[in-house]
Amino acid sequence: MRAAELDKGPGAARLPRGTAAPIRWAGMALAWTNRVIATVAAVAVVAAGIVMTEEALARYFLHQSSDWQDETAIFLLVGATFLSAAYVQSRRGHVAIEAVGGLLPTGVERVRRWVADLISFLFCGFFSWKSWVLCHEAWVEGYATFSSWAPPLWIPYLAMSAGMTLLTLQIALQLLAPQAVDAPMEGRAHGHG
């Protein structure tokens with residue numbers, strides 16, 4: 001596949017024309033990964049709701065104690081939150097200050113957005129690195145929760161680490177191939193980023 005054909009690929013609309021082919025390939029791979037993970041995250045949120053509903057019904061009607069439902073729901077929600085962060089960032093869906101951006105000249109707004117992305121990249125890169133350290137420690141030391149069920153803590157730490165790594169990669173992609181300030185953002189009502 002040539003670079004010109006990449007313009008038609010999924011996720012390619014967010015990268016400006018003329019972006020180097022390796023960056024476009026990385027963008028397409030990350031866009032595909034983000035879509036798959038966003039679907040899995042949506043299923044995890046629904047599953048967490050089902051688990052919590054089951055817990056409430058079992059406690060109320062059957063008078064059964066629960067020991068796994070809370071932690072299962074928390075693990076599912078932590079995974080969904082962290083793993084879907086890159087998907088949300090790819091659409092610039094995270095909280096941003098829009099009032100300032102609309103008042104600035106286009107060139108200044110482009111620089112402001114790039115600086116914000118750079119700061120976000122540095123923070124998320126650090127957070128990602130520390131998350132992998134924590135995940136490794138939990139794996140090696142055998143950390144588990146303090147409940148009677150005691151699931152291993154490397155599970156949510158792995159989701160946190162992978163999610164923060166994907167978010168860092170998404171921000172790096174945005175730094176390498178910045179979007180035009182007035183370019184419409186997918187999923188946004190008025191195209192503000």
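Trainee: How many residues apart are Glu-55 and Arg-59 in helix α2?
Mentor: Four residues, about one turn of the helix. This is a predicted model, where local features need pLDDT of at least 70, side-chain atom pairs count only at pLDDT 80 or more, and totals for chains, interfaces and linings use all residues. Residues are numbered from 1 along each chain as its sequence is written, and side-chain values use heavy atoms, with hydrogens and water left out.

Trainee: And where does helix α2 run?
Mentor: Helix α2 covers residues 21–61. Helices are DSSP runs of H or I with at least four residues, strands are runs of E with at least two, and both are numbered from the N terminus.

Trainee: What do Glu-55 and Arg-59 form?
Mentor: A salt bridge, with the closest N and O atoms 3.7 Å apart. The term means a side-chain nitrogen of Lys or Arg within 4 Å of a carboxyl oxygen of Asp or Glu.

Trainee: Is Glu-55 buried or exposed?
Mentor: Buried, at 4% relative accessibility. Buried means under 20% relative accessible area, exposed means over 50%, and partly exposed is in between (1.4 Å probe, protein chains only).

Trainee: What else does Glu-55 touch, leaving aside neighbours within four places in sequence?
Mentor: Glu-55 is in contact with Ser-66, Gln-69 and Asp-70. Contact means heavy atoms within 4.5 Å.

Trainee: Back to salt bridges. How many are there?
Mentor: The count comes to three. Another one joins the side chains of Arg-92 and Asp-117, at 2.6 Å from N to O.

Trainee: Which parts does that pair tie together?
Mentor: Arg-92 lies in the loop between α4 (85–90) and α5 (98–103), and Asp-117 in helix α6, so the pair links parts that are 25 residues apart in sequence. Both Arg-92 and Asp-117 are buried.

Trainee: What about Glu-109 and Arg-112?
Mentor: Their side chains also meet in a salt bridge, at 2.7 Å from N to O. Both residues sit in helix α6, three residues apart, about one turn of the helix. Glu-109 is buried at 4% relative accessibility, while Arg-112 is partly exposed at 29%.

Trainee: Now the surface. Which residues form the nonpolar patch?
Mentor: Leu-57, Tyr-60, Phe-61 and Leu-62, with about 490 Å² of accessible area together. Patches take residues with over 30% relative accessible area and no salt bridge, joining like charges within 9 Å and nonpolar side chains (Val, Leu, Ile, Met, Phe, Trp, Tyr) within 5 Å. Accessible areas come from the Shrake-Rupley method with a 1.4 Å probe; for residues, only the protein chains shown count as cover.

Trainee: Where is Tyr-60?
Mentor: In helix α2. Tyr-60 counts as exposed, at 58% relative accessibility.

Trainee: Backbone next. What is the phi of His-63?
Mentor: Near 55°, a positive value in a residue other than glycine. Most residues other than glycine have a negative phi. His-63 lies in the loop between α2 and α3 (69–83), and counts as exposed at 68% relative accessibility.

Trainee: And Ala-150, what's its phi?
Mentor: Positive, about 55°, although Ala-150 is not a glycine. Ala-150 is in the loop between α6 (106–141) and α7 (154–176). Ala-150 is partly exposed, with 33% relative accessible area.
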